[in-house]
Number of protein chains: 2
Amino acid sequence: MLPENPSEEIMSLAPWRSPLGKALHLNRSLANVKYLQLATVRSNGHPANRTVVWRGFREDTNELKLITDFRSQKIADIYENPWGEACWYFSRTREQFRLHGKLLLITEETADEALQTLRVQTWKDLSLGARAQFSWAEPGLPRDFHKPFRMELPTPEEILPDFCLLLFDPIAVDHLQLRGDPQFRTKYDRSPGGKWNTIAVNP
Amino acid sequence: MLPENPSEEIMSLAPWRSPLGKALHLNRSLANVKYLQLATVRSNGHPANRTVVWRGFREDTNELKLITDFRSQKIADIYENPWGEACWYFSRTREQFRLHGKLLLITEETADEALQTLRVQTWKDLSLGARAQFSWAEPGLPRDFHKPFRMELPTPEEILPDFCLLLFDPIAVDHLQLRGDPQFRTKYDRSPGGKWNTIAVNP
C-alpha cells in the first residue's frame, strides 16, 4: 500500500541536507570526508574542540550520529552544557558547513527503548578498530607502556559499557562555498515551530 | 657579536612545536594544510566553531597568527571570553593537534606599537584575495545580488579598518597520532611559570 502522502518523508529533510549530501558525494574520495570538528563548552566556560567521525543520520531525522567514550572529558561537559557546534570542511569542493545544535547523550543507562536500540545498532555497525577503542585503558590518563592494551577485540554482540551514542540535532546551519565569485554563503535557521528558513547572506 | 646564550632562541620554542612543524612539513602537499578549526564561546554560552587559516607564528613566540574581520560575530564573543581551542587535523599523517589558549585581538585601535606593526606587516603579507575580503559587504547580512561587491582590490599599503590580527597563545596542547598501535597521545601543559610539561597519555 502506498503511503497517504508519498512526499512526507522527503518533507522531513531539512533544506541543508541536499547541499550537505552533495558535498559528501563530491568529496567521497577523501579518506577523512566523514571527519568533522565538534566544539563544546567546558565546565569552566572555556571551549573544547576535537575531531569526531560522522556515523550517518538517525533515520527519518536530521540528527547526526556520533559516538563517544563515557570516560572522555566531554561527557561531563555535555551533561552541563548540551550545546555543540560542528565545523565540517570539505577540501575538494572547498566548502564549509557550520552546524549549531543540541547534543543528546545515550549511555548504557538510557531508559528510552528506541534510543537504546539505536545505541546497540550503532555499536554493531562499527568497524573492528572503532569497537576496540572502548576496551583500551582510560583515555587521558598517563600511559603505562609496560601494560599492553587489551588484546581480544570486542565482538558486535558484546557491547562495552563505556560506549555512548551521541545524537546532534542542528537548529542552525551556515554553509560557505569558497569557490564562487566572491563566494556564496547560505544560512538555514529552524524556527521554534520546526520550520526551516533559508537566506543567502554576505560571505 | 654573538648572543651571550646562543641557545636562547631555540629554548623559547615549546616542545610541541617540533611535532607540529614535522606535521606541517609532511602534509605540505595538502591544499588545506594551514586550515584549522577554531572554537570560541558565544555570549549566550553556546560554542562557536569555524575554519581559520594559520598565518605563521609570531616571531620568537609560540603564538599563532590568525586574521579576522572586525564585523564578524566572533569579535564580540572574543572580547567577552578570550579563550579558544583550535583543532588541527592533518589527513596525510592522520594526526590531530588540539591547542587550548588565549586569544588577543589587534584592531585598528590597538595602541601598542609593536602589535600594530605586526598587524600592518600581516596585512602586507596577505594574498590579493585575502585582502579583498575586507572590502566586501558586511559578513552575515542578507546578500543583495544586484549590488556588486567592491571591485578595486586593496593594495598592501591601504590597510582596511576592519582588518584584525588575532594572536592565539596556547597553554595546553594535546597531540593524537592515529597511526600507531594502538595510537599515541601526548599532552603538553604550560605551568604558570611558563615551563612546559610533557606527558604520554592513553589515547
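Please start with A:Asp174: is A:Asp174 buried or exposed? And which residue forms a salt bridge with A:Asp174?

Analyst: A:Asp174 is buried, with a relative accessible area of 11%. The word buried stands for under 20% relative accessible area, exposed for over 50%, and partly exposed for anything in between, using a 1.4 Å probe and protein chains only. Before going further, please note that this is a predicted model, in which local features need pLDDT of at least 70 and side-chain atom pairs count only at pLDDT 80 or more, while totals for chains, interfaces and linings use all residues. Residues are numbered from 1 along each chain as its sequence is written, chains are lettered from A and ligands numbered from 1 in the order in which they are written, and side-chain values use heavy atoms, with hydrogens and water left out.

Now to the partner. A:Asp174 forms a salt bridge with A:Arg185, and their closest N and O atoms are 2.7 Å apart. This pair links distant parts of the chain: A:Asp174 sits in strand β6 and A:Arg185 in strand β7 of chain A, 11 residues apart. A salt bridge here is a side-chain nitrogen of Lys or Arg within 4 Å of a carboxyl oxygen of Asp or Glu. Strands (E, at least two residues) and helices (H or I, at least four) are DSSP runs, numbered from the N terminus. A:Arg185 counts as buried because its relative accessibility is 14%.

B:Asp174 is buried at 10% relative accessible area, and B:Arg185 is buried at 15%.

One of the others in chain B joins B:Arg58 to B:Glu63, with the closest N and O atoms 3.1 Å apart. Here B:Arg58 is partly exposed at 23%, whereas B:Glu63 is buried at 15%. Salt bridges also link residues of both chains: A:Arg42, B:Glu85 and B:Arg98 form a network.

A:Arg179 gathers with A:Arg28, A:Arg92 and A:Arg94 in a patch of positive charge on the surface. Such patches are made of residues with over 30% relative accessible area and no salt bridge; like charges are joined within 9 Å, and nonpolar side chains (Val, Leu, Ile, Met, Phe, Trp, Tyr) within 5 Å.

A:Arg94 lies in the loop between β4 (83–90) and β5 (95–106) of chain A, and is partly exposed at 32% relative accessibility. Its phi is near 55 degrees, a positive value in a residue other than glycine. Most residues other than glycine have a negative phi.

A:Glu63, in the loop between β2 (47–53) and β3 (64–69) of chain A, is buried at 15%. Not counting residues up to four places away in sequence, A:Glu63 touches several residues, including A:Leu167, A:Phe168 and A:Asp169.

Finally, step back to chain A as a whole. It comes to five helices and eight strands, running α-α-β-β-β-α-β-β-α-α-β-β-β from the N terminus on. The C-alpha trace spans about 55 × 50 × 35 Å along its principal axes. Of its 203 residues, 51% count as buried, and A:Asp174, where we began, is one of the buried residues. Among contacts in chain A between residues at least 6 apart in sequence, 61% join residues at least 24 apart.

Conventions:
Areas by Shrake-Rupley, 256 points an atom, 1.4 Å probe, with all protein chains shown as cover. Lys, Arg positive; Asp, Glu negative; His and termini not counted. Charge placed at Lys NZ, Arg CZ, Asp CG, Glu CD. Contact = heavy atoms within 4.5 Å.
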